[in-house]
Amino acid sequence: MRACIVGAGSIGSLFAAHLATVTDVLVLTRRDEHARALNEKGLRVSGRHDFTARVTAASDARDLPDFELGIVATKATGVEAAAEALGGGRFPGATIITVQNGLGAEEIVRAHGDWPLVSGVTFMSGTKHSDTHVEYILDTPTWLGPYGETPFARVQEIAQLLVDGGLKAEALPDLLPAQWSKLIFNATVNGVAALTGLPHDEHFAKESELGDLGHLVHGLVDEGKRVAAAAGVELHDDPWEMNVLATKRGSAHYPSMLEDVEARRPTEVELINGALVREAERHGVEAPLQTAVYRLVKAREASYS
Amino acid sequence: VKVCVVGCGAVGSLFAANLAQLDDIEVWAYDLAQEHVDAINRDGLRLSGAGDVVGRLRATSDAAQLPPCDFGIVATKAMHTSGAIAATAPAFSDGCVATVQNGLGNEEAIAEHVGRVIRGTTFPAGKIVAPGHVQWDVKGDTTLGPFEPKPAPPAEIERLADACTRAGMPTAAVADARGPQWRKVIFNASTNPIGALTGLTHGRVCEDPALRALVSGLVEEGKAVATAQGIELDADPEELIDHAARPDVAYDHKASMLQDAEARRATEIDYLNGGLVRFGDEHGVPTPLNRAIWALVKGLERSW
């Protein structure tokens, strides 16, 4: 099963390198020099694993041969461009996976082709040290579930391929509970980190003093849980517990939304916080704190210009 | 009459330099910035901009140098109130002490050390441009009234208000000074932190309807806390916020808290939104949005 990874940030690079140990891997990059570097040097993984994989990279989808498995691993803000690059009736035999934060990536991809789609949520993390070197930091799993009519057996087959490649992965018949757990977690943690400038550290779980950040984080999570309940989704994990656990890991993670606002880049706020706020409206649930965080991050983006 | 300005920053300097113009007032200034103190003692305290004044006064960074004073005017940033009044309180054992600071809780902090306290709110603004030199940006009114649990006598409040007014700082002595104070607190708590968290000027905050709605949510909570205490605001903060957003007023103004955030200085958030939350809790009024904003700005400070 030849795979094509679209977007070679840290998550895309981790998928590409690991899958390349068990199958042919194509990488579609945004920048031409990134593709050339990957073709020349391969893709090095350090950290939890240590190896260098051979991949075939291109910056133009028209240069890619057919493949059977596509993983869209761009940021949420890059899904539209990625789906457009794969679209136009090309790659008819592919199953496409989305692994973006938030909600709605599947619909964006669907608008560009009728491929079988697989929803993904990944908890693994890495740090990209260069175009050809990614450090594998957290080896937490990737969960996959069928989107629409995609047969579950196909999802299981893909999860097995990821496991064979050395990653942790699991196929779930219904991904929504995991997707929503991560949605609430990301809307809360990424939003608060972007606004405060704090990495995801112990402040996020601290609730001893009246003005402590943990109260706000807890309030945001509780709102998210009410929205999930109204949407009929039973959460896979409690986002508050995910938060507390993550702050105890020792090294504080810099959520991508924080990195984005510091670099004055567009953030994933629409597909994360925006998606949650829109779900709240759709189901008639009050979410004043999530709404406030959403508006503030949007305003922060507006301040770039 | 001896008056000591405690905290001779921009606002304190406006009071100190103007009061020093009066023959019947002897002005002292207490401030920890030694360069500023030395410049004032050497060259006088100079104001320029909205008014051009040089005040001759005695400045010191050593509270033990202060003579017994009839009045204190505390003008430090709110987080320095306790320390400043603890150091200077002996000079006011027979005097009255007024606060002209931002936020909530300053009167309470002063009353821990001083018996007769004056609640105050002031609108003039400026900034220190060099040691001994303050740019006076905006003229404005000051309101003084008793701090109810430990009030200064009305005649003394009148006396201080009269001196300020004669000095060119129009000041009213009133029976209940909470209205102007809460109006200013609600205005600041609902707009300053939004500027600090987003990086937007006052005008841009107000022209984004979604963000303006968040500001209104904060104002509503503040009004509810004021109402629960029987405080009647002397003006509607919503109207003042919209007025300030006009291009000819303060559209391009960066809130002081945004300036603090950009300079990575401690902000007055504990005394604005934090104060509203504490007073709300005392009176059983929920303040979830102010609580959220308070926590976010505290988090921002902790990230530095």
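This is a predicted model: local features need pLDDT of at least 70, side-chain atom pairs count only at pLDDT 80 or more; totals for chains, interfaces and linings use all residues.
The secondary structure of chain A consists of 11 helices and 12 strands. Its radius of gyration is 19 Å, close to the 19 Å that the globule rule gives for 305 residues, so chain A is as compact as a globular protein of that length. Along the principal axes, the C-alpha atoms of chain A occupy a box of roughly 55 × 40 × 40 Å. Of its 305 residues, 58% count as buried. The accessible surface of chain A is about 12,300 Å², and carbon and sulfur atoms contribute 49% of that area. Among the contacts in chain A with a separation of 6 or more, 68% are between residues 24 or more positions apart.

Chain B contains 12 helices and 12 strands. The radius of gyration of chain B is 19 Å, close to the 19 Å given by the globule rule for 304 residues, so this chain is as compact as a globular protein of that length. Its C-alpha atoms fill a box of roughly 55 × 40 × 35 Å along the principal axes. In chain B, 57% of the 304 residues count as buried. The accessible surface amounts to about 11,700 Å², with 51% belonging to carbon and sulfur atoms. For contacts in chain B between residues at least 6 apart in sequence, 70% join residues at least 24 apart.

The sheet of chain A that contains β3 is considered next. In chain A, 4 strands form an open sheet with mixed pairing, in the order β4-β3-β10-β9. Strands β4 (51-53) and β9 (125-130) of chain A stand at the edges; each has a single partner strand, so one side of each is left without a neighbour in the sheet. From one strand to the next, the twist averages 25°. Strand β3 (residues 43-47) of chain A pairs with β4(A) in the antiparallel sense, over 3 bridges. Within this sheet, R44(A) has T52(A) of β4(A) as its bridge partner.

Helix α1 (residues 10-19) of chain A lies across β3, β4, β9 and β10 (133-138) of that chain, and runs at about 90° to β9(A). Of the 10 residues of α1(A), 9 are buried, so the helix is largely enclosed by the rest of the structure. These buried residues are I11(A), G12(A), S13(A), L14(A), F15(A), A16(A), A17(A), H18(A) and L19(A).

In chain B, an open sheet of 4 strands has the order β4-β3-β10-β9, and its pairing is mixed. The edge strands are β4 (53-55) and β9 (125-130) of chain B, each of which pairs on one side only. The twist in this sheet averages 25° from one strand to the next. Strand β3 (residues 45-49) of chain B runs antiparallel to β4(B), and 3 bridges join the two. Opposite L47(B) stands V53(B) in β4(B). Helix α1 (residues 10-19) of chain B lies across β3, β4, β9 and β10 (133-138) of chain B, at about 105° to β3(B).

A further part of chain B involves helix α3 and the strands around its buried residues. In helix α3 (residues 81-88) of chain B, the residues T81(B), A84(B), I85(B) and T88(B) are buried. These residues cover an arc of only 90° around the axis, which puts them on the same side of α3(B). An α-helix has 3.6 residues a turn, so residues three or four places apart point the same way. The cover over the buried residues of α3(B) includes strands β1 (2-6), β2 (26-30), β6 (71-74) and β7 (96-99), together with helix α4 (106-111), of chain B.

Two of these covering strands, β6(B) and β7(B), pair with each other in the parallel sense over 4 bridges. G72(B) has V97(B) of β7(B) as its bridge partner. From β7(B), C96(B) and A98(B) point one way, whereas V97(B) and T99(B) point the other way, and all of these residues are buried.

Terms used. Residues are numbered from 1 along each chain as its sequence is written. Chains are lettered from A and ligands numbered from 1 in the order in which they are written. Side-chain values use heavy atoms; hydrogens and water are left out. Buried means under 20% relative accessible area, exposed over 50%, partly exposed in between (1.4 Å probe, protein chains only). The arc is that of the directions from the helix axis to the C-beta atoms. Contact means heavy atoms within 4.5 Å. Two strands pair if DSSP finds at least two bridges between them. Axes are lines fitted to C-alpha atoms, for helices over the stretch in contact, and angles run from 0 to 180 degrees between N-to-C directions. The radius of gyration is taken over C-alpha atoms; the globule rule is 2.2 Å times the number of residues to the power 0.38. Accessible areas come from the Shrake-Rupley method with a 1.4 Å probe; for residues, only the protein chains shown count as cover.
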